Amino acid sequence: MTLEHLSIFNYRNIAEASLDFSSGVNCLTGANGQGKTNLLDAIYFLSFCKSAGGATDSMNIRHGEESFMLSGTYAADNGTQEKITCATRIGQRKVFRRNDKAYGRLSEHIGVIPLVMISPGDQELISGVSEARRKLMNAVISQYDGKYLSVTMRYERTLRQRNALLRDEAPIDPTVMTVLEEMMSEDAAVIYEARRAFVEEFMPFFEQIYRALCPDEGEVPTIAYQSHSSRGPLAALLSEYRERERIVGHTLHGPHRDDLVFNLGGYAVRHEGSQGQTKTFFIALKLAQYDFLRTKGERRTPILLLDDIFDKLDTERVARIVRYVSSGMPGQVFITDTDRSHVDRILAGLDGNYRHFHVEGGSISE
């Protein structure tokens with residue numbers, strides 16, 4: 001998938017932009033706070049119907065304005081074109097259109113424009129709570145398995161219903177609770193199997209890329225998937241712990257508590273990894289996500305966004321990532337950096353299929 005043209009109107013600090021991109025590498029340089037990340041976030045929004053940083057739709061509207069609009073023209077790997085537009089106004093729901101036809105549900109759009117973004121915030125994959133790692137699994141699987149996304153959303157709705165009953169001071173109707181628990185158990189089995197299969201298939205991609213970025217390190221990277229569902233049907237656990245969960249007021253077992261454990265050489269990266277190892281680990285995770293998605297679904301190559309990923313890495317790690325990006329990526333790449341030398345090194349390894357943009361004060365020029 002390639003983003004050929006992007007139009008932006010009143011998105012964050014970008015008042016207006018109309019940009020044509022290279023099908024290869026697109027570099028954006030400029031000082032901090034000028035709008036480089038905002039441009040990448042607009043591209044991300046057109047894929048996932050939301051901001052990468054979790055900002056509400058109204059927060060993405062340029063200060064002093066009442067609405068924003070985004071429009072992207074894409075070329076699929078098979079040569080067909082897709083036009084995706086989004087518009088939102090303060091106090092109103094956003095509207096997404098694919099080839100001028102509005103979606104009935106936004107979830108129908110997920111996976112249409114496959115995309116992977118790597119940013120400094122991805123450090124949360126290593127050091128943050130388990131929710132960040134579940135989001136990683138959800139973001140990948142949802143882009144090639146439409147059933148997974150709908151089942152996950154249904155499970156979350158049922159989970160909220162069960163939690164409301166647990167917090168209710170009135171006596172619980174055991175029949176209603178059993179029905180909810182059976183529904184959760186059925187969906188949990190589907191989620192567990194999708195996540196288990198993902199981790200199993202994903203691991204070789206991750207290990208290969210980590211080795212490419214760290215060829216001199218002897219430590220073996222591993223990913224372990226932890227889930228209550230590995231103990232059998234969830235309904236039995238929910239029934240067994242129902243009274244205990246009534247005391248705490250929420251459900252303690254289920255895929256909403258799943259986690260991934262990242263180890264390097266037998267030790268937990270989050271506890272014992274150096275700053276460089278931690279950053280290389282999550283960059284390898286996301287690059288592996290990119291390679292993995294290329295093999296799934298309709299085999300559409302994702303768009304790759306690299307937002308300021310070179311900071312706080314030593315020279316050799318930067319060099320290895322630069323070599324990988326400039327020679328190993330078969331699809332479209334967007335890179336932001338405040339250091340022009342990093343960009344120059346990437347461009348020097350290319351055959352001319354690139355564009356370089358300067359971003360200043362929300363204005364973007366080639």
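Q: What should I know about the numbering and the model before reading on?
A: Residues count from 1 along each chain as its sequence is written, and side-chain values use heavy atoms, with hydrogens and water left out. The model is predicted, and local features need pLDDT of at least 70, side-chain atom pairs count only at pLDDT 80 or more, while totals for chains, interfaces and linings use all residues.

Q: What makes up the chain in terms of helices and strands?
A: You'll find 11 helices and 15 strands.

Q: Why is Asp291 called buried?
A: Buried means under 20% relative accessible area, exposed means over 50%, and partly exposed is in between (1.4 Å probe, protein chains only). Asp291 has 14% relative accessibility, so it counts as buried. This residue sits in helix H9 (residues 275–293), and beyond its neighbours within four places in sequence it is in contact (heavy atoms within 4.5 Å) with Phe205, Ile209 and Tyr324. Across the chain, buried residues make up 53% of the 366.

Q: Why does Ala15 count as partly exposed?
A: Its relative accessibility is 29%, so it lands in the partly exposed range. Ala15 belongs to strand S2 (residues 14–20) and touches Ile8, Phe9, Asn10 and Arg62, not counting residues up to four places away in sequence.

Q: What makes Asn10 stand out in its backbone?
A: Phi of Asn10 is near 60 degrees, a positive value in a residue other than glycine. Most residues other than glycine have a negative phi. Asn10 lies in strand S1 (residues 2–11), and its relative accessible area is 5%, so it is buried.

Q: Where does Arg12 lie, and why is it called partly exposed?
A: Arg12 is in the loop between S1 and S2.

Q: What makes a set of residues a nonpolar core, and which members of the largest one touch the most others?
A: The members must be buried Ala, Val, Leu, Ile, Met, Phe, Trp, Tyr or Cys, joined through side-chain atoms within 4.5 Å. Of the 63 residues in the largest core, Phe206, Leu213, Ile223, Phe281, Ile283 and Leu285 touch the most other members. Helix H5 (residues 174–213) gives the most to this core, with 13 residues. A second, separate core of 40 residues includes Tyr11, Ile14, Leu46 and Leu305.

Q: Which residues does Phe281 contact?
A: Leaving aside neighbours within four places in sequence, its contacts include Ile126, Phe206, Tyr210 and Phe262.

Key
Helices (H or I, at least four residues) and strands (E, at least two) are DSSP runs, numbered from the N terminus.
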